[in-house]
Amino acid sequence: MVSSLSVGAQTQDTTSLQNRIFRLDEVVISASRLQESLLKSPVSIEKVTMQDFRRSAQPSFFDALENIKGVHLIVPSLGFKVLNTRGFANTTNVRFAQLIDGIDNQSPHIGAPVGNALGPSDLDILSVEIIPGTASALYGMNAINGLANFQTKNPFEHLGLSFQQKLGVNHLNDKAITAKLFNESNLRYAHAWNDRWAFKINGTFTKGYDWQATDRTDISPTINASAGLTGADNPAYDPVSGYGNESANRRTLTLANRNIVVARTGYHESDVVDYHFQNLKADAGLHFRPTKAVELNYTYRIAYLNNVYQRSNRFQLVNYLLQQHAFQLRGRVFQVRAYVTSENTGDSYNLRSMAENIDRGYKSDNQWFSDFQARFRQVQNQSSLADALLEARTFADAGRPQPGTEAFTNSLARLQNINNWDVGAALRVKAKLYHAEGQWNLTEEWLEKWRKQTGIEILAGFDHRTYAIVPDGNYFINPVSDSQNLTYGKTGGFVQITKVLFGEKLKLGTTLRVDKADYFTTKLNPRFTAVYSPSQKHHFRASYQSGYRFPSIFEGFSNINSGGVKRVGGLPVMSQGIFENSYIRTSIDAFQAAVNAGVNRLGVSKRDSLVKSNLGLLQRNTYTYLRPEFIRSLEIGYKGLFFQKRLFVDADFYYNRYQDFMAQVEANIPNVSTLDSLGYIMLDRSKQQRYRLWTNSKTIVRNYGASLGGRYRFMQGWFVAANATYTQLDRKEANDGLEDGFNTPKWMTNVSVSHANLFKNIGFGLSYKHQSQFYYQSFLVNGNVPAINVFDGQITYSLPKQKVDFKLGGTNLLNRYYFSILGGPQIGGFYYVTVTYR
């Protein structure tokens, strides 16, 4: 399963896999919000169906999406995976929208989905449509990188009881731990009382042991190089997968006539997280058809999560609850949706805050550094510099809670319930998202005669969304009134006009979208498309469009104390006065490094002159309040059929221009602002108010890419597919380093071969994935992610009469551990067996 045209007839689930008929006239709806031929879609769109998912070697339909042309899947944890297309990926992907039957399933305060936590199960998925490129003109929900629409099975068409049991194992040949079992159970039941009333229920329970983040690479290996302290001797050692020893947890000390940066000891991630995960999700839907052409349904979805989640920091989600109530009314020419999504983070906590406050819980920073200095002075003449520093650390760490002890466990439990990251670690957020939208095809019935005469079709739509956040006093506050919820809304609408010309060989389209969000002026998003079809087998497309991304709740309104650094939203209501009076932290770091290097070279007596001579390195903050992020995108493409329609080819090329990236800048406000004392204040972190502010990068970024996919269906039932995606960061103008990292491989390649019934109901599938090395940039860690070469495979056995399918499969069959992202876990082989009754 690789190609964009992996499509199938909508057959009943009772049809055996080997007898399914695949056809090449599939219909999609996401590209234009109207039913249209996939071959004639005006923008790039990929579609895969349940038949393709069964052919794939991945354990779930969501995992299988990484095989789609242009899709980049990153894996922060086994229970949380993130989709992206066309660059600028991150673990909280607010640039890529994820829908279920047209309904957004994001977590309100995050502004992005938590993987497939609230999404459909393997038994209920019908198909997935992915637009790998900006879709803002039609959807207006920050889909500037792309959109995935999961379509589920309707209970009127897909009836009966289905059950799936999946058993797996991972961590084979893992040096850290023994092999661990994985279990997932899926249930679906759908029933129609008559041709008017039907319902369905789905449930999924997943339990396993997560991939571990154990990267011990030092993030700051040269911070003490001027003092001759590197490698194991570095007293500011800051491992990637360690917390409590970051920049906020270290100080510059004058020791042995040198300036030496010393960090607190901290803990490894495995000390403060439980890698056992246990997730539950379910949904129930009631459907009513007053007429054959109109359907009304109500759907309730719930997800209960206990696993690791990653954004700027990594979090342990504990009793994290998502719920959604949705109503939809759909007819032949109209549809209306209204839904509310609620989020309660339960007993979740921040791993970094947990580690640093376990340290601070037994001894304050001031006391620890005082003890460290005192002991160093006692032993500095008896040992080498490195040994004296180690002895000073051992002395200062006396009484420090050790992992596995009762004291450590008690500290972890206590801090998990303190909702203040200066002294605790709790994540306590309650948030809701309210959304309503509708669309109407004006020319399908109302202006039908005019449409037939002119060939013009008009579609109009509207939407409104409001976020409501309960201030918790730590993560969010309401600066106006703590007794009132934070609210943030957006209203928009669009009109789409299409016209066919030259005997339906040319189809032109124009879309204009208008959006008005709180705190911002009205924004316009146009889209222009053209599809030229010289024959039924060949289709050329071109489009130009723009898109805006408005700040998420977190980016606009956050107000978090974390490790002595306050992370503040970029709206004026939150950050008034901070931008105007602060200095850029990178310039402060450069100033401190220059002074420390000079002191270590010339001696402490030269400190005053070094401070004065390096003052020019300090830079005032020139950034300001948030603006919407903006993209312009040009795309051309081709879809074609060859060799009696057995070979399908799909190609596209795009060029994007981004500006006003929403990003974070670290800036400090000195407690004293006079020039004479400024330098000395900037040498001492304890005398600065430290902030991380959401703002806009000054960089204009251009990137481009191309992809080519093909699949060939042989007469004998063999199926071969391949695709390749090239993505390139073109250039940056006015580069300031604040923009999100491109975080995308230059090359992604997928090749697969499969046969649904090779011998007596036995089928197989084998796939290969290559992903080139790429540079990963985040607030957690920067560096190169090595190239990935992975083989996946599966064998199926079907019992058509019994309606039972068996699947034995594995991903990363060779069990060569790799990183999907930096700061995340290493991923090894995953081997499973699935039994499905349909």
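Author: Here is a walk through the sheet, then the helix, then the rings.

Please keep in mind that this is a predicted model, where local features need pLDDT of at least 70, side-chain atom pairs count only at pLDDT 80 or more, and totals for chains, interfaces and linings use all residues. Residues are numbered from 1 along each chain as its sequence is written, and side-chain values use heavy atoms, with hydrogens and water left out.

Let's begin with the sheet. It is open and antiparallel, with three strands in the order β20-β21-β24. Helices (H or I, at least four residues) and strands (E, at least two) are DSSP runs, numbered from the N terminus, and two strands pair if DSSP finds at least two bridges between them. The edges are β20 (308-310) and β24 (349-350); each has a single partner strand, so one side of each has no neighbour in the sheet. Three bridges join β20 to β21 (residues 314-316), and tyrosine 309 stands opposite phenylalanine 315 in β21.

Next comes helix α5, which covers residues 351-362. Its twelve residues reach 18 Å from first C-alpha to last, close to the 16 Å expected (1.5 Å times one less than the number of residues). At its start, a side-chain oxygen of asparagine 350 comes within 3.0 Å of the backbone nitrogen of arginine 352. Ten of the twelve residues of α5 are buried, including Leu351, Met354 and Ile358. Buried means under 20% relative accessible area, exposed over 50%, and partly exposed in between (1.4 Å probe, protein chains only).

Now back to the two facing rings. Tyr309 and Phe315 belong to one aromatic cluster, together with Phe80, Trp421, Tyr475, Phe476, Phe554 and Trp694. Arginine 311 lies over the face of phenylalanine 554, at 4.0 Å from the ring centre; a charge sits over a ring if NZ of Lys or CZ of Arg is within 6 Å of the ring centre and within 35 degrees of the ring normal.

The whole structure holds 45 aromatic pairs. Rings of Phe, Tyr and Trp (its six-membered ring) pair if their centres lie within 6.5 Å; planes under 30 degrees apart count as stacked, over 60 as edge-to-face and the rest as tilted. One of the pairs is tyrosine 519 with phenylalanine 557: their centres are 5.8 Å apart and their planes at 65°, so the pair is edge-to-face. Tyrosine 519 is partly exposed at 47%, whereas phenylalanine 557 is buried at 1%.

Note on methods
Polar contact = N/O pair within 3.5 Å; in protein donor to acceptor, adjacent residues only side chain to side chain.
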